[in-house]
Amino acid sequence: MSFFARWLFAFLLLAATYNPTAWNYTRWALANYEAQLPLTVLLGLLLFVGYVIYLRATLRSIGAFGMILVLAIVGAALWVLWDVGLIDLSDPGFATWIALLALSVVLGIGLSWSIIRRALSGQVDTDDVEE
């Protein structure tokens, strides 16, 4: 699986949970939890499993400091784009999509870090050693 696919799944996971449109789990669950509680719980647990997979892999590969560093780099890049007038963050909906994009980049890099590191350095990471 490529970095793009990992990033795309992270973006879809975040956007499915919440986005500025009416098509997201948070708004749907708040509107339908009384009538469809079992389905609400099931979908919430599926989203939770996705977050556990991504966050655990990201924390194991780049750690909390790495997550903050990647987010800072993405934030600085967005600041540059805003400063030169390429993006306008005055629209809250657009700003939410940008935040989803930034967070998904962090998760995508976290899940792909071993592959990125191997490509850059030639070293292989492994957690399990066969005896």
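A nonpolar core is here a set of buried Ala, Val, Leu, Ile, Met, Phe, Trp, Tyr and Cys residues joined through side-chain atoms within 4.5 Å. In this predicted model, the largest such core has 22 residues, and those with the most contacts inside it are Val70, Val74, Leu78 and Val105. Two or more residues of this core come from each of the elements α1, α3, α4 (63–83) and α5, and α5 gives the most, with seven residues. When residues up to four places away in sequence are not counted, Val105 touches Trp7, Val70 and Val74.

In general, two packed helices are described by the angle between their axes and the distance between the axes. The table sets out these values for two helix pairs.

| Helix pair | Angle | Axis distance |
|---|---|---|
| α3 (residues 37–61) and α5 (residues 92–121) | about 65 degrees | 8 Å |
| α1 (residues 3–17) and α5 | roughly 140 degrees | within 8 Å |

In the pair of α3 and α5, the crossing is left-handed, and the contact is made by Tyr54, Leu55, Ala57, Thr58 and Ser61 of α3 together with Val106, Leu107, Gly110, Leu111 and Trp113 of α5. The residues of this contact divide into seven nonpolar, three polar and no charged.

In the pair of α1 and α5, the axes cross at roughly 140 degrees, and the two helices are therefore oblique to each other. The crossing of α1 and α5 is right-handed, and the residues of their contact divide into 16 nonpolar, three polar and one charged.

Key: Residues are numbered from 1 along each chain as its sequence is written. This is a predicted model: local features need pLDDT of at least 70, side-chain atom pairs count only at pLDDT 80 or more; totals for chains, interfaces and linings use all residues. Side-chain values use heavy atoms; hydrogens and water are left out. Axes are lines fitted to C-alpha atoms, for helices over the stretch in contact, and angles run from 0 to 180 degrees between N-to-C directions. Helices (H or I, at least four residues) and strands (E, at least two) are DSSP runs, numbered from the N terminus. A crossing is left-handed if the near helix is turned anticlockwise from the far one by less than a right angle, and right-handed if clockwise. Contact means heavy atoms within 4.5 Å. Ala, Val, Leu, Ile, Met, Phe, Trp, Tyr, Cys and Pro count as nonpolar, Asp, Glu, Lys and Arg as charged, and the others, Gly among them, as polar. Angles under 35 degrees count as roughly parallel, over 145 as roughly antiparallel, 65 to 115 as roughly perpendicular and the rest as oblique. Buried means under 20% relative accessible area, exposed over 50%, partly exposed in between (1.4 Å probe, protein chains only).
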